[in-house]
Amino acid sequence: MLNSKLCQLLQIKYPILQGGMAWVATAELAAAVSNAGGLGLIGAGHMPPDALKIEIKKAKALTDKPFGVNIMLMSPFVKEVMQVVVDERVAVVTTGAGNPGEYIPALKEVGTKIIPVVASVALAKRLERVGIDAIIAEGMESGGHVGEVTTMALVPQVADAVSVPVIAAGGIGDARGVVAALALGAQGVQIGTLFAASVECTAHPNYKAAIIKAKERSTVVSGAITGHPVRVIANKLTREFAEMERQGATVEELDRLGAGKLRNAVREGDVEYGSVMVGQVAGLINSIRTVDEIMQDIIQNVPKVITGLTQNI
């Protein structure tokens, strides 16, 4: 595990990436994960370029280890944000909601590794052809924007379909999840919700408390009618959203209802009318720990999990 091709590719100690969660994944969290031996990510979301540049410079001041930026290709600032990443020579870019092909030449010119997030085998194969360096296969158990295939079904199919390293994401919250991902053919994992419930995460205490309180059935997938479904903790907002859908609301009306709600949850602590994007793995999380404690717990327990498997066979 400690000498995987993914570690060599990204120049990290452990093959563990932190999810690029918008509003949640700030420079502070990214730097903490990188300092602990993984790869931290700044979640750019719909962040304007000037704001992203500030976050990148802050992360550089907090760590001398590689870190990355997650870029949502549907962002209205995507071209400007990509230019900031190129100018700042960020080590890794992960992407979601689209094809990063047009940006790959400029990123590769400065040595940036490109790792798209995919929810299907077809998209994984298509993106491998445009020259990406690795792929994150993310199952529907994850928080935020989701596809329709579970991690356990998706990861081995993607691993069979591409030759680049595959990183498993969705439903991974401890050493057991990491070992399972490796068994499915992944060379590493991406973890989001677990790191959101860390000391270094700057999200509002209410947001973290909602993660600790959540059980395996606390989340719902909301907004499928808009074409961009998200997994969130069920609350007054999700119930209002569902009621509007039943009454035949338009996509535009639903988009207006959802606008700004993630920020309200993460920054203002509104976990009733805000969008609390967390994964089903929240049911495994019962305490707020430092990033280093989280990382060491996983790393130290991976061999124990593997040993336990051999003893049970």
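This is a predicted model: local features need pLDDT of at least 70, side-chain atom pairs count only at pLDDT 80 or more; totals for chains, interfaces and linings use all residues.
## The nonpolar cores

The largest nonpolar core of this chain contains 80 residues, and the members with the most contacts inside it are Ile16, Leu52, Val69, Ile71, Phe195 and Tyr207. Because domain 1 (3–200) and domain 2 (214–276) both contribute residues to this core, it lies between the two domains.

Setting aside residues up to four places away in sequence, tyrosine 207 touches Val24, Leu262, Ala265, Val266, Val271, Ser275, Val276, Met277 and Val278.

## Overall form of the chain

The secondary structure of the chain consists of 14 helices and 11 strands. Its radius of gyration is 18 Å, close to the 20 Å that the globule rule gives for 313 residues, so the chain is as compact as a globular protein of that length. Taken along the principal axes, the box filled by the C-alpha atoms is roughly 55 × 50 × 40 Å.

Of the 313 residues in the chain, 51% are buried. The accessible surface amounts to about 13,800 Å², and carbon and sulfur atoms account for 53% of that area. When contacts between residues at least 6 apart in sequence are considered, 61% of them join residues at least 24 apart.

## Serine 142

Serine 142 is placed in the loop that runs between strand 6 (135–138) and strand 7 (144–145). Is this loop residue, serine 142, buried or exposed? Serine 142 has a relative accessible area of 6%, and it is therefore buried, the cut-off being under 20%.

Apart from neighbours within four places in sequence, the contacts of serine 142 are with Gly170, Arg231 and Gly279.

## Valine 162

Valine 162 also belongs to a loop, in this case the one between helix 7 (151–161) and strand 8 (166–169). The relative accessibility of valine 162 is 10%, so this residue counts as buried under the 20% limit.

Which residues does valine 162 contact, once its neighbours within four places in sequence are left aside? They are Ala124, Lys125, Glu128 and Ile135. Lysine 208 stands 46 residues from valine 162 in sequence, and the C-alpha atoms of these two residues are 36 Å apart in space.

How values were computed. Residues are numbered from 1 along each chain as its sequence is written. Side-chain values use heavy atoms; hydrogens and water are left out. A nonpolar core is a set of buried Ala, Val, Leu, Ile, Met, Phe, Trp, Tyr and Cys residues joined through side-chain atoms within 4.5 Å. Buried means under 20% relative accessible area, exposed over 50%, partly exposed in between (1.4 Å probe, protein chains only). Domain bounds come from an automatic or database domain assignment. Contact means heavy atoms within 4.5 Å. Helices (H or I, at least four residues) and strands (E, at least two) are DSSP runs, numbered from the N terminus. The radius of gyration is taken over C-alpha atoms; the globule rule is 2.2 Å times the number of residues to the power 0.38. Accessible areas come from the Shrake-Rupley method with a 1.4 Å probe; for residues, only the protein chains shown count as cover.
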